[in-house]
Amino acid sequence: MTRRPRRSAWLLAVPMAALALATIYPLVFTGNVAMKTRHDYILDRFSPTASLHWDNFITAWTSIGLGRYFVNSVIVVASAVALLLLIGSMAGFALSHLRFRGSRALFLCFLAALFIPFQVIMVPLARIMADGGLMDTYPGLILAYVAQFLPFTIFLMTSYYTGIPGEIIDAARIDGNTPYGVYWRVMLPIGRPALLSVGILNALFCWNDVLISLLMMPSAEHRTLMVGVTSLRGQYSDDIPTFASGVLIAALPVLVIYLFFQRQIADGITAGATKG
Amino acid sequence: MPLRGSPPAAHQAGDGWADGTKAKQRTRTAGFGAHGARVRGGRRAERLAPYVLVAPAVLVIVAFRLIPLLMGVNFSFTGDGERDGQAVGPDNYVELFEDPLFGTALRNVGLLVLLLPVAVAIPGLLATFIYLRVPGHRFYRSVYFFPAVLSPVIVGAIFNLLLAFDGPLNAALGNVGIDPVDWLGDPDVAMFTVVGVHVWATFGMALVVFLAGFSTLDSTLLDAARVDGASLPRVIWHVIIPGLSRTIQFVFVTTMIGMLTSMFGLLYVMTSGGPEGSTYLPEYYIWIQQGQMNRPALASAASTVLFLLMLVVGLAQIGLLRRAGREK
């Protein structure tokens, strides 16, 4: 690898470190606020909290109903990701290894669908969902997420499977597997690294979404966690520590996933860049 | 190299890889006749298999993406409210372009286009530093990337606290003798604030893409430049930028798409389009017309304009960058 003269490298490290601090500080500040009592916050919001005041988290979880929203989010995100992986890997396998008429045109169609932003289709989509009785239901929101992130999933699964040598499929066919058997017994296990990467990314996209959820789930008891967080602000404008706790609860799953799967997340994002 | 992993190892669990291959070669000769009849019987099913496998994907994408796209264009030429479903020609578009709020939204898009080079240059420069192995580069990479995985709602909520008039940022500025700024309450400032937060939250994404691009860069060129005694700015200009033209193009397009389509969460949480409508973007306008004003047809017209806008911006950028690449 390249080697720079040491002194200038250390010189660059100064602004880099300052920026890293600026990136971390907002989170630290929020964490500190979340630990304060309301009284302490009003007196002095900056100094490190004198005592760890965990009650705010309990208040946010129970009295605001974040617990309910949390469960809603888990149900919707888990179902959407499972469906995305299943449908996406099936299509990816067919597009990469099975010959059929129109496969290239189909792939280009999927690719084009990647560039349709949700904002452009959301009005008619709301009407389609309402006509189908799917408005304000879990299946409706799950379907909306699947439709939104499927093109990306297919794109990554297809490009991953294209790198798998055809001999493996031939061998499995000769062993007496139908195409479905090849998919289930060979392609799904082989696809694990890609499925993990795409699955985590999709889970983040769905978990973090607010627009689709706002559109599809108007009633309060169906709110997902992110929409729930947006409603916190109004309710708790005079109790900032509880508000901060709610925000941190919503961010915690993402932080945990990030700590464990940072590489897979980065791989999924860059796959689009290097193959596209 | 994206999506690393060792495909062969994951294959056929339980079997050693070398042994598994041999076993397969044996079955290949022995098993062919035995399975022949079944394979022939299932020919039709075999031919249908690819279609069955892609069918769910096709259904979902046609029903929930392609049809809505066409319907939306159609919608935009019909009326709202009492004139629901009636053809009204270009009325919605006329109303749209006479609406000062939509005008602000379009002006703000112009602002985003102007700020785009900055939003691309920051992660590009940081990626260069990280690539050049600044001490602690691994740590910086992890830290910078983290906000990119946070929801805009979380980011917006956190910055609502930080940017409050009596919040920490103004307090810090006060310490060095700068008057407090009303970051989210001043119509002349608020849009810049929101864009700034958006860049803070997303530059890690572009950073990671740049780093992936760097790994494809020919490092001997860099070493040669170094041996010739080229300064860092010259290395960036003559070696890194030409070598990364494809990556830069990709980041330009995706950053622009991100600015046009993923700032809704921030706007919703931080400003609600205010103060005085100064932070409207087309996507927020669409949401308000659809969700609050019950004007789906007008919202569809705005959607169509946004779609065309993205198409034009995307194609123009690709065209410009292509030409710049050829001249080099």
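Chain B is divided into two domains, with domain 1 covering 33-75 and domain 2 covering 91-327; bounds of this kind come from an automatic or database domain assignment. Between the C-alpha centres of domain 1 of chain B and domain 2 of chain B there are 38 Å. Before going further, note that this is a predicted model, in which local features need pLDDT of at least 70, side-chain atom pairs count only at pLDDT 80 or more, and totals for chains, interfaces and linings use all residues. Residues are numbered from 1 along each chain as its sequence is written, while chains are lettered from A and ligands numbered from 1 in the order in which they are written.

What is chain B built from? You will find 15 helices and zero strands in chain B. Here helices (H or I, at least four residues) and strands (E, at least two) are DSSP runs, numbered from the N terminus. Of its 328 residues, 39% count as buried, a label for a residue with 20 or more other C-beta atoms within 10 Å of its own, the C-beta atoms being placed from the backbone. Contacts tell us about the fold too: two residues are in contact if their C-beta atoms, placed from the backbone, lie within 7 Å. Among the contacts in chain B with a separation of 6 or more, 69% are between residues 24 or more positions apart.

Now turn to chain A. The C-alpha trace of chain A spans about 75 × 65 × 35 Å along its principal axes. Of the 276 residues in chain A, 49% count as buried. For contacts in chain A between residues at least 6 apart in sequence, 77% join residues at least 24 apart.

Chain A also has a domain assignment, giving domain 1 (6-56) and domain 2 (65-275). The centres of these two domains of chain A, taken over C-alpha atoms, are separated by 33 Å. Where they touch, nine residues of domain 1 of chain A are in contact with eight residues of domain 2 of chain A. On the domain 1 side of chain A, helix 1 (6-34) and helix 2 (38-43) each supply at least two residues. Which helix gives the most to that side? The answer is helix 1 of chain A, with four residues. Sorted by class, the side of domain 1 of chain A that touches domain 2 of chain A has three nonpolar, four polar and two charged residues. In this sorting, Ala, Val, Leu, Ile, Met, Phe, Trp, Tyr, Cys and Pro count as nonpolar, Asp, Glu, Lys and Arg as charged, and the others, Gly among them, as polar.

Note on methods: Buried ≥ 20, exposed ≤ 12 C-beta atoms within 10 Å, placed from the backbone.
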